[in-house]
Amino acid sequence: MRYRWRRDCLKARVRAAIVGGLITLFCNLAAPATAVAGVFRCPDGAGGVLFQQVPCAQGEEIKLDVRTTKWVKSPLTRSRHQRSASSKTASRQHDALARAAQDARKQKLACWKAQQRVERIEAELRHGYKPARGERLHRQLREQSDYLREFCR
């Protein structure tokens, strides 16, 4: 008895869904095929133009024909070859900028390291040294200072 009741209930739900779908389909078919929504052209405060569906005080209604079925090619549409060429150019430009940024980071790091070496050499010169070591330290200090003057700000 219980099994029968569930089966009947399921049948009733399926029938209701089918009837509801048919009613929805009928209502959509009975509605006019070309529903034109009102579009209003209204001036905005900055001297521009706004298009909206709500009427405005100084606006004018524009009638739109939405029954057009013909496809129009946009003048901005580019061929596949042109798109791939422009994307390759953009990719090359992006790669060049990335390489330039990486080179700038490397140069900045090299300048920082040269400055650190200069500071270490100066610290060693202040603490005292043997004569042979002093000549090498002065030479290294000149080299690092020249590098900083030439390649770093």
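In this predicted model, L141 touches V118, I121, E122 and L125, leaving aside residues up to four places away in sequence. Contact here means heavy atoms within 4.5 Å. Local features were taken at pLDDT of at least 70 and side-chain atom pairs at pLDDT 80 or more, whereas totals for chains, interfaces and linings use all residues. Residues are numbered from 1 along each chain as its sequence is written, and side-chain values rest on heavy atoms, with hydrogens and water left out.

L141 belongs to the largest nonpolar core, which has nine residues: C111, A114, V118, I121, L125, L137, L141, L148 and C152. Such a core is a set of buried Ala, Val, Leu, Ile, Met, Phe, Trp, Tyr and Cys residues joined through side-chain atoms within 4.5 Å. Helices α2 (80-127) and α3 (131-151) each supply at least two residues of this core, and α2 gives the most, with five residues. Helices (H or I, at least four residues) and strands (E, at least two) are DSSP runs, numbered from the N terminus. In soluble globular proteins, nonpolar side chains tend to be buried together.

Two disulfides were found in a search of the whole structure, a disulfide being a pair of cysteine sulfur atoms within 2.5 Å. One of them is formed by C111 and C152, with the sulfur atoms 1.8 Å apart. The torsion about this S-S bond is -95 degrees, and the link is left-handed. The bond connects distant parts of the chain, with C111 in helix α2 and C152 in the segment after α3, 41 residues apart. Both cysteines are listed in the core described above. C111 counts as buried because its relative accessibility is 13%, and C152 is buried at a relative accessible area of 15%. Buried means under 20% relative accessible area, exposed over 50%, and partly exposed in between (1.4 Å probe, protein chains only).

A disulfide also joins C42 to C56, with an S to S distance of 1.9 Å. Its torsion about the S-S bond is about -105 degrees, so this disulfide is left-handed. C42 lies in strand β1 (residues 39-43) and C56 in the loop between β2 (49-52) and β3 (60-62); the two cysteines are 14 residues apart and link distant parts of the chain. C42 is buried, with a relative accessible area of 4%, whereas C56 counts as partly exposed at 25% relative accessibility. With the bonded cysteines of the chain numbered in sequence order, the pairing is 1-2, 3-4.
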